[in-house]
Amino acid sequence: MNRQLLILLIGRIITNFADSFYMIATIWYVKSATASPFLIGLTSAVAIMPVTIQFLYGPIIDRFSKRKILYFAMVGQGVLVSVISVLYFTNLLWLPLLFSLMFLALSLSECTYPTESALIESLTPRDKLTKVNSIFAFSYQTLDIICDAVSGILIAFIGLGLIYVTNSVLLIGTGMLFLFYLKVPRSKKETEVQTLSIIKQYKEDFKEGFLVVKKRHTLLSMVIGIVGMNVMATMGIAMLPVISDSSMEYGFWLTAISLGTLTGTILSSKVEKFALNRILPALSLWSGLFWLLAFVLIEVSIVPYMLFALSWMGIGILSIFVQTLIQVNLPKGYIGIGFAFISSLLGSLSPLGYFLGGVIGEFTSGRYLLVISGIGYLIFAVYFLANPLLKKLNKPLSVSFEES
């Protein structure tokens, strides 16, 4: 891994550390203040909603300096989190204001993902993409495990306010790291002489990027299936704080997610040679079955956490595969905008899933909803095997199945 990828990785790890803690802190603050499943689900819906506007960042990512985009996104996020900490300490943290600030902060955070993905693609040979994506995911998910495992303890002993303050400092510091130390080559679009106004150029780039993505019929067929799977999964995930009797127990569920995802990222490069029409349905079936078992056997000591981790092992592999598929099947020069469009599509209905989880959770048990949500992965396996475009994908992950 070259020096610039290493700097990008360090920044991603620090950012992930901050994001994990202040998101967990916010969800637990809402639970402590309201004890309402609906408001807990709404908090998660607001947190995921910025994913749906990622497509707006695409033309900016491909046209402007990616180093400066990362800098402004990190510093802006840090400033907004610092405002939350001030309001918390002064007892002025009104929930609608908290949701607004969190939405703005996470909107800036979402800008960084397609930017970093475009940088990874430009700095990495194609045959190494899965490995590099796995290294990035492995590194910050290792930290996720630590964060999730100790989050409940930290909330209990040092308080929410200090968590907010620390995270704001980390985010601003990461912005400075990118500004002064990240050096990456300029893309073709960055070096082009602009003959149009900024707004007209944005519209032209947006339209061009949209048409590029629209032509990827097989990739979009896969994305549509994943969108449906995500809706059902997020309905259940919204209930994890509800079924937890303490912040520590909630941390255990989050740790199971992180451990499983981490294991999946380690294994992803080991199974990338299998044909897509075999490995993707098999992973979905694996994840769905272990998810269901986790909440059917929820009363059996630590067994549910172990089963949930096994489910997320399959989900972890799927997430790495999806990221690599996007990078491999989009033409160079359109990775930023294409990744932003597809990421928005992938997350488009997730806020609805969290919202529905909160609403349904008011009238039924969280455990029941979690059992139902695991079925989404089983449905995706059937969808993949039945879709005429997807069942033809008999090539491994690194081989493009879309025309250039």
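At what angle do the axes of helix H1 and helix H2 cross? The axes of H1 (residues 3–34) and H2 (residues 37–48) cross at roughly 155 degrees and come within 9 Å. The model is predicted, so local features need pLDDT of at least 70 and side-chain atom pairs count only at pLDDT 80 or more, while totals for chains, interfaces and linings use all residues. Residues are numbered from 1 along each chain as its sequence is written, and side-chain values use heavy atoms, with hydrogens and water left out.

Some terms apply to every helix pair below. Helices are DSSP runs of H or I with at least four residues, numbered from the N terminus. Axes are lines fitted to C-alpha atoms, for helices over the stretch in contact, and angles run from 0 to 180 degrees between N-to-C directions. Angles under 35 degrees count as roughly parallel, over 145 as roughly antiparallel, 65 to 115 as roughly perpendicular and the rest as oblique.

H1 and H2 are therefore roughly antiparallel to each other. On the H1 side, Met23, Thr26, Ile27, Val30, Lys31 and Thr34 meet Leu39, Ile40, Thr43, Ser44 and Ala47 of H2, where contact means heavy atoms within 4.5 Å. This contact of H1 with H2 has six nonpolar, four polar and one charged residues. In this scheme Ala, Val, Leu, Ile, Met, Phe, Trp, Tyr, Cys and Pro count as nonpolar, Asp, Glu, Lys and Arg as charged, and the others, Gly among them, as polar.

The next helix to consider is H5 (residues 95–123), in which Ser109 lies. Ser109 is buried, with a relative accessible area of 2%; buried means under 20%, exposed over 50% and partly exposed in between, for a 1.4 Å probe and protein chains only. Not counting residues up to four places away in sequence, Ser109 touches Asp19 and Gln77. Ser109 and Leu70 are 39 residues apart in sequence, with their C-alpha atoms 8.9 Å apart in space.

H5 also packs with helix H15 (residues 335–346), at an angle of about 135 degrees and with the axes 8 Å apart. The two helices are therefore oblique to each other. Tyr113, Pro114, Ser117, Ala118 and Glu121 of H5 make the contact with Ile335, Gly336, Phe339 and Ala340 of H15.

Another pair is helix H12 (residues 247–268) and H14, whose axes come within 6 Å and cross at roughly 45 degrees. H12 and H14 are therefore oblique, and their crossing is right-handed. The contact includes Phe252 and Trp253 of H12 and Phe308 and Trp312 of H14. By class it has 14 nonpolar, seven polar and one charged residues.

Helix H17 (residues 366–373) has Gly366, Leu369, Leu370 and Ser373 as its buried residues. Seen down the axis of H17, these residues fall within an arc of 100 degrees, so they line one face of the helix; the arc is that of the directions from the helix axis to the C-beta atoms. They pack against several helices, including H10 (217–237) and H18 (375–386).

Two loop residues complete the account. Asn91, in the loop between helix H4 (66–89) and H5, has a positive phi of about 60 degrees although it is not a glycine. Asn91 is exposed, with a relative accessible area of 72%. Ser301, in the loop between H13 and helix H14 (303–328), has a positive phi near 40 degrees. Ser301 counts as exposed at 58% relative accessibility.

Methods: Left-handed = near helix turned anticlockwise from the far one by under 90°.
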